Amino acid sequence: MSKRVDPKFNPALTSYNDLSQKDKELVEDAIRTGYSRRSVLKLLAATGVTLATAQNLLSTGGSAMAATPKKGGSLIMSSNLHGPDDQLDPALFTSTIDYTRGRATYNSLTQLGNDLAPQPELATEFLPNDDASEWTFKIRQGVKFHDGSTLTADDVVYSMRRHQGEASKSVIKSIMATVKEWKKTGEYEVKAILESPNADLPVLLGLFQSKIIKVDSDGGGNGTGPFKMDSFEPGVKSVHSRNADYWREGANLDAIEITAITDPVARVNALLSGDVQLATQIDPKAIRQVESTDGVSLSSIPAGLYMGICALKNASPGENDDFVKGLQYIQDRERIVSKILKGHGTVGNDQPIMSAHGADFCSELPQREYDPDKAKFHFKKAGISSAELYAAPVVAGVVDACLLAQANCAKIGFDLQVKRVPTDGYWGAVWMKEPLNTVTWNMRPTANSQLAIQFAPGAAWNDTFWNNDRMGELLKTSLSELDPAKRHAMYCEMQTLVHENSGMVIPAHVNILDGINDKVKGMPTVPLGQLGGCEWPEFAWLDA
Amino acid sequence: MMMKMVLRRILIGIGTLWVVSVLVFIGTSILPGDVAQIILGQSATPETLAALRAELGMDRPWFVRYFDWLGNLVTGDLGTSKAGGASISSLIAGRLGNTMFLAGIVAAISIPISVALGLLAAMYPGTWLDRIVTFATLSLISVPEFFIATFMVLILAVQLHWLPAIAYLSGNESGWQLARALAMPVITLVIVVSAQMIRMTRAGILNVMNSPYIEMAILKGVPRRRIILRHALFNAIGPIVNVIALNLAYLVSGVVIVETIFAYPGLAKLMIDGVQTRDLPLVQACAIIFCATYVVLILIADIASILSNPRLRQPK
């Protein structure tokens, strides 16, 4: 956890530290928004950080972004997966390569910093009413789409409404269901009327899919973003060139190419030989190779992505609380992090929130340790002596962790059979069906969404079928709680509930591992995805 | 007579293609999971699944979909990719071009080399030249191509930085850059396909060399060189052409490992991507193209054998 990057480092503003007149205006703009937000959002825990970030920027010396970005140059980024299903429609984005293209091509209303606090992007201000049941967004003026047309509230309302309604195929449809209605209240003002209060709405608007596209389009590469799209071949590559008419300073690089090399060995080789400058998802086996090669570095960012075992609470053996306790105590967490993840992970505490989630993380909750005696006790109390666990390599190290648990179970006389299955078709055929199965969840931008997606009673992806009324109540009330201390207490109670009562075993969180050529500087470290939450296109620069 | 034979072969070819189309369709229809499930992955809900399935027309029985598909296929319409919504013909066109380009270069290099080396080895069997060729080809046949490819990348790209590690085509490179980008996949494939063709050329000719008429020629005092080039080669051409045809077909359909290791955007890799996303129309189209390639190349090889060997023109 000590490796966590400076929470005040803010990628949204890094390129403005040399404070030209234009830059000054932008920084002042950011500060202004910070203050105006503070007046209303003093309730929000994150505000202090946001303000500090902005002030940090004004005192030019003290910030983390010491080096001045250089302009020019181009680079090639290789993701790990692509195919004919590559998208330009933000609502359908599902992969790193889509997210990165989206980040280069489009903008969102808000932008998430490294500390996950929302910063102004296309919205210059975002203000809630008294109980956060309505949010008003002031839209930035003079922003141009790549086709030359001007951004207005119509584009924003259209883009946001695409996530709503029966027919919507949006990936974040369920998340955006928090908004009842998007209303245009002026040429450059939009209002969101919520189903129920949600203080986290500005964070959700910084998600990969919440991009603003031209009204009556499906994206198609016409955005307001820092790069214009020159070419796009699904499953091959896309080429982007710097948008000279960008509404702020904009990209440092002249051009970027985004492709994928699906073979992990080939991807690392391409990084080592300098054929690509950014490579996502370095295979744990290749860590040493990357670290020992001059000119490239491994980027390892602690994040909420985790490996887990779901014990279904509506089936045997997971319905037995003692069985789940036994399975939790048999996890040798330290060893999983140090040996299986080679140190590139964080010990898990059987609940999905961790330090990267910021203030909502309950560090007071005692860490569950490896304790074979307690495991033996609980297995015995449960009266269960064997179980079958379906393990698919859904995330780095999870199958090895299952095999380690199997070996440790054998030592205490418990027969844990690990049935290895491929990831192909896993989510439809095994997950949420077999009583014991492996799972992974990407990090969500807020603790609330991370908990709600899996642990809200009756949620579509409640993958342990654990329905707890108190949990449901807290998930709702915490969203309108504006007092930081009370809010934290609520989040602590929720994390304790999951830790104690659900069927979820979370031995470890997995760091985001990427390979970066040493010439590439200015990489953000937003923990929501590969390569700094895919935020790099606007901020990366080449130190030739 | 000749025409009738060729026509028969063509009809058999079409029949083979039809059987394959049924097999491919059934095979891809009973794969576990479905496109909607794979597209949505972990984030699938019953509602989104139903919506996507209906949109993809997957609620109809498979035989109805088969005849729809076959009808479209015969009229040249390969359908729309279920995953990306792009037309499959447009997806395939570029990839097929890339694959053919790579296969063409490899064929142009490997066929002359193989036939020449095979002939040389057959002309002087038992000499040091023959031994070297035999030893080298046997070794290379035994080494899998991913090993050759990975080894070359490690040496030539990662250690020496002479060649790029991936065959990444940006579309506007000069001839020299293109040659550099393609060098390693081409060398790998040339090694893989040549070894087999050399062995078969040598074996085919030596086989003919045992026949009575060659013995007669030897007894007449014809020089060995002349015997091979004049008498043996034409009788051995049937098997040689068949091996060449098989290797060419392999270059179109079987190079997936090489395409993956060098991230070369060819057709085989497109098919793998299609399998991963359960993009059935795409997988089916690729499978049919690969099968058609085999059928056409074998057909050509058969016709070449018939032309080179009058005995084959008479049905027994």
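**A helix and its surroundings**

In α12(B), 7 of the 10 residues are buried, so this helix is largely enclosed by the rest of the structure. Buried here means under 20% relative accessible area, exposed means over 50%, and partly exposed is in between, with a 1.4 Å probe and protein chains only. Helices (H or I, at least four residues) and strands (E, at least two) are DSSP runs, numbered from the N terminus.

Before going on, the ground rules. This is a predicted model, where local features need pLDDT of at least 70 and side-chain atom pairs count only at pLDDT 80 or more, while totals for chains, interfaces and linings use all residues. Residues are numbered from 1 along each chain as its sequence is written, chains are lettered from A and ligands numbered from 1 in the order in which they are written, and side-chain values use heavy atoms, with hydrogens and water left out.

Back to the helix. The buried residues of α12(B) are B:Leu267, B:Ala268, B:Lys269, B:Leu270, B:Met271, B:Asp273 and B:Gly274. Their cover includes α5, α10 (224-253), α11 and α13 (280-308) of chain B.

Helix α13 of chain B also holds B:Pro281. Is B:Pro281 buried or exposed? B:Pro281 is buried, at a relative accessible area of 11%. In sequence B:Pro281 and B:Gly79 are 202 residues apart, yet in space they are 6.7 Å apart, C-alpha to C-alpha.

**Chain A**

Chain A has 18 helices and 23 strands. Of its 544 residues, 62% are buried. Among contacts in chain A with a separation of 6 or more, 70% join residues 24 or more positions apart; contact means heavy atoms within 4.5 Å.

One residue as an example: A:Thr152 sits in the loop between β6 (134-139) and α4 (153-161) of chain A. A:Thr152 is buried, with a relative accessible area of 13%. Leaving out residues up to four places away in sequence, A:Thr152 touches A:Glu187 and A:Tyr188.

Chain A is divided into domain 1 (11-225 + 512-542) and domain 2 (306-510), with bounds that come from an automatic or database domain assignment. In chain A, 19 residues of domain 1 are in contact with 17 residues of domain 2. About 1500 Å² is buried between these two domains of chain A, and carbon and sulfur atoms give 68% of that. Buried area is the accessible area (1.4 Å probe) that two parts lose on being put together, summed over both.

How many salt bridges does the rule find across the interface of domain 1 and domain 2 of chain A? It finds 1. A:Arg487 forms a salt bridge with A:Asp200, with the closest N and O atoms 3.5 Å apart. The rule asks for a side-chain nitrogen of Lys or Arg within 4 Å of a carboxyl oxygen of Asp or Glu.

**Chain B against chain A**

Between the chains, 38 residues of chain B are in contact with 36 residues of chain A. The area buried between chain B and chain A is about 2800 Å², 60% of it from carbon and sulfur atoms. Across this interface of chain B and chain A there are 0 salt bridges by the rule.

On the side of chain B that touches chain A, at least two residues each come from α2 (35-40), α3 (46-56), α5 (88-123), α7 (145-159), α11 (256-261) and α12 (267-276) of chain B. The largest share of that side, 5 residues, comes from α7(B).
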